[in-house]
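Subject: Structure for you to look at

Hello,

I am handing over the structure we spoke of, with the sequence alongside. My notes on what was found follow below.

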Amino acid sequence: MIDWIKAQYKKHRSFVLYAIAGVINTALDYLTYAALIACTFLPVEICQACGHIVGVITSFLMNRNFAFRQARGQNPLAQGIRFLIINTITLIVSVALISLFSRILPISLYLVKIPVTVFTTLISYTGYKFFVFCDRDKNKKDGGTENDR
């Protein structure tokens, strides 16, 4: 059983570490969002954007150094640009969804963020794994990705 668990961890290591980093950056994102909702009169969309930005900064640092550390040898500026592209997409999606859900769902502004976070997490992980932190040298050695063949 222990060997099976170790094998599964090794097989899914980047996702497990992404999930741990995700819990931390999501908590910081949510705490920022909730504090702004509770303590300011800012529109919900601005609160969402501020929380998202705090989460994005934390996410880049944690994912680059832990979850996808095989990509640390890559140019950090190029990685940062790809990271910003993915997170600009998730920011736009999250603000649009928070705006929509806060108007149509009869639940608290604190709870409306939950389905938004689930959806944007799926977008982020896919983008990080295959675009931001992918092992570009391995793809070159292997003759490119399967999509390139």
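Predicted model: local features only at pLDDT ≥ 70, side-chain atom pairs only at ≥ 80, totals over all residues.

Tyr125 is part of helix 5. Leaving aside residues up to four places away in sequence, Tyr125 is in contact with Ser14, Phe15, Tyr18 and Phe68.

**The overall picture**

The protein has six helices and zero strands. Read from the N terminus, the order of elements is α-α-α-α-α-α. Of its 149 residues, 36% count as buried. Among contacts with a separation of 6 or more, 69% are between residues 24 or more positions apart.

**Helix 2**

Helix 2 covers residues 13-39. How far apart are the end C-alpha atoms of helix 2, and what span should its 27 residues have? At 1.5 Å a residue the span should be 39 Å, and the end C-alpha atoms are 39 Å apart, so the two agree.

**Helix 2 against helix 3**

Helix 3 spans residues 44-67, and its axis lies 8 Å from that of helix 2, at an angle of about 155°. Angles over 145 degrees count as roughly antiparallel, so helix 2 and helix 3 are roughly antiparallel to each other. The crossing of helix 2 past helix 3 is right-handed. Sorted by class, this contact of helix 2 with helix 3 has 15 nonpolar, ten polar and two charged residues.

**Helix 3 against helix 4**

Helix 3 also packs with helix 4: their axes come within 9 Å and cross at roughly 150°. This pair is therefore roughly antiparallel as well. Helix 3 passes helix 4 in a right-handed crossing. By class, the contact of helix 3 with helix 4 has nine nonpolar, ten polar and three charged residues.

**Two further residues**

Ser59 sits in helix 3. Is Ser59 buried or exposed? Its relative accessible area is 4%, so Ser59 is buried. Not counting residues up to four places away in sequence, Ser59 touches Asn25, Arg64, Phe83 and Tyr128.

Ile85 belongs to helix 4. With a relative accessible area of 41%, Ile85 is partly exposed. Ile85 and Phe131 are 46 residues apart in sequence, and their C-alpha atoms are 9.8 Å apart in space.

Regards

Terms used:
Residues numbered from 1 in each chain as written. Heavy atoms only, no water. Axes fitted to C-alpha atoms, helices over the stretch in contact; angles between N-to-C directions. Helix = DSSP H or I, 4+ residues; strand = E, 2+ residues; numbered from the N terminus. Parallel < 35°, antiparallel > 145°, perpendicular 65-115°, else oblique. Left-handed = near helix turned anticlockwise from the far one by under 90°. Nonpolar A, V, L, I, M, F, W, Y, C, P; charged D, E, K, R; others polar. Expected span 1.5 Å × (residues − 1). Contact = heavy atoms within 4.5 Å. Buried < 20%, exposed > 50% of the residue type's maximum accessible area, 1.4 Å probe, protein only.
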